[in-house]
Amino acid sequence: MQHTWNFASVFAYWDVLLIGLWGTVYLFVLTCVIGLAGGLVVGMLRYSKNGWISYPARLYVEVFRNTPVLVQIIWFFFALPVVIGVEVSAFMAAFLGITLNTIAFSAEVFRGGIQSIEREQWEAGKAIGMSYAKTMRRIILPQALKRMLPPLTSRGIEVFKMSTLASVVAYPETLQQAKLIASYEYNPIEAYTVVAIMFFLVLLPMVQLTYLLERRFGKSD
Amino acid sequence: MTPAVEIRDLHKSFGDLHVLKGIDLDVQQGEAVVLLGSSGSGKSTLLRCINFMEEPNDGRIRINGDLIGAERGGKMVYRENELCKLRTRVGMVFQHFNLFPHMTVLENVMEGQVVVLGRSKAEARDKALAQLARVGLEEKAPEYPSRLSGGQKQRVAIARALAMDPEVMLFDEVTSALDPELVGEVLKTMRQLAEEGMTMVCVTHEIGFAYHVANKVCFLQDGQILEQGEPHKVLKTPETSRVRDFLDGHSLFKLPD
Ligand SMILES: Nc1ncnc2c1ncn2[C@@H]1O[C@H](COP(=O)(O)OP(=O)(O)O)[C@@H](O)[C@H]1O
Ligand SMILES: [Mg+2]
């Protein structure tokens, strides 16, 4: 099979791609930040000794960890409006799907990280008069965060790529915009090649940054 | 004089397991008391009740005259911030040091002073350096704990507890996890503290330390104090065969005649 590569037909739509890249970054930043912050909260609730708090948190985590994000996005877009009687935008559906999933994932990372700190560290804090909250904040969390950093940063990278799932409800992120170009110009091969390269160029420095971060925080032991 | 620690009819259970069965013990100010007893006799539990790492099920504990907790319907109830405050008055050193690995030696010794006592960073720093000098480790201040030997870690842990200006210090088998050649430096530090007049309660298997440093030795058996008294009496002429057998098991140490 012979194919004549024609990237000019893609680059002619650079402004369309730029809108897509902005859509990707926008979705990524919001889902990532709110997903991690929410994960910390749910992770703490999950760690609670009170079953009325920890059990619902656990249920939440299991529901969202064990269903595909793609299915969640489609569900929020098509089924949720029927349930609540309110229109759900493409952005909102994608945001909900990815964020709720990221909360569930990072909640487990936070809980696991906190639990991985030896009981003796709690005792040492307590023995110099620290309250539960002070021990958590000053002794446990700083050590736990260091252990959580690798899974959390790799989740961040994963979330960036997950943003392409939003194209299923036609949210204008990078992949969706490339689809658009391909449907005008009949150049899907070039269009999707450009998408892959764009993601690679953005993610490569981001991944290097996470390595740097992990090395910096791992210094004391 | 008011005892530094006064324990009356102390009981502690873990579920169905009755561990402490009515302990009465006075520790006078400036006194060093050593708790002996075989494994599982309740030594750690007794020590941990004194600073309320474990809450007693029954009994009264007074620290320099202050009754800890409030009586309500014949039972003692304890408020969390009262216990936090108490733990600044009663320091504890653990078998496994439990230093904070994400902080330098200096930060370890400053932490409680700043975060709990509310001292300024500058004051805490001066106090920390003074306590580190006291245990002979001033020059290790900027190091992380992972760079220290076991004996040095334990001396830092002692400095961390001392920096809170405690009225009583509790030591729970603080040399048991150390290589034999490092035991001496820690015992020496403890001996020096005792000579400086620090009130101490020590669980240890170092009979020599008990003999030479303690003012009083208590032998725990099955959650009760079987014998107590001056070290040369309890250790050289024990009244019960149980204590005699225990001491024979520690034949490494030969008491001077
Ligand atoms: N947190 C706990 N939960 C349940 N049982 C405990 C706990 N701590 C100690 N025990 C039990 O109490 C008994 C006395 O333990 P401990 O005070 O540690 O003895 P010692 O320090 O003299 O070896 C042991 O049987 C031990 O298993
Ligand atoms: Mg013990």
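Reply: Happy to! The model is a predicted one, in which local features need pLDDT of at least 70, side-chain atom pairs count only at pLDDT 80 or more, and totals for chains, interfaces and linings use all residues. Residues are numbered from 1 along each chain as its sequence is written, chains are lettered from A and ligands numbered from 1 in the order in which they are written, and side-chain values use heavy atoms, with hydrogens and water left out.

The two strands around that bridge are β1 (residues 5-14) and β2 (residues 17-27) of chain B, paired in the antiparallel sense over eight bridges. Strands here are DSSP runs of E with at least two residues, helices are runs of H or I with at least four, and both are numbered from the N terminus; two strands pair if DSSP finds at least two bridges between them. The hairpin of β1(B) and β2(B) has two residues between the strands, and G15(B) takes a positive phi near 60° there. β1(B) also runs antiparallel to strand β4 (residues 58-63) of chain B, joined by five bridges. In that pairing, H11(B) stands opposite D58(B) of β4(B).

Elsewhere in chain B, the charged end of R160(B) sits over the ring of F100(B), 4.5 Å from the ring centre. The criterion is NZ of Lys or CZ of Arg within 6 Å of the ring centre and within 35 degrees of the ring normal.

Now for the packing. The largest nonpolar core holds 51 residues, and L132(B), I158(B), F171(B), M190(B) and M200(B) have the most contacts inside it. Such a core is a set of buried Ala, Val, Leu, Ile, Met, Phe, Trp, Tyr and Cys residues joined through side-chain atoms within 4.5 Å; buried means under 20% relative accessible area, exposed over 50%, and partly exposed in between, with a 1.4 Å probe and protein chains only. Helix α6 (residues 180-195) of chain B gives the most to this core, seven residues. Beyond its neighbours within four places in sequence, M190(B) is in contact (heavy atoms within 4.5 Å) with I158(B), F171(B), V174(B), M200(B), C202(B) and F209(B). Another core lies apart from this one, with 41 residues including V69(A), I103(A), V159(A) and I181(A).

As for chain A, its secondary structure comes to ten helices and zero strands. Of its 221 residues, 45% count as buried.
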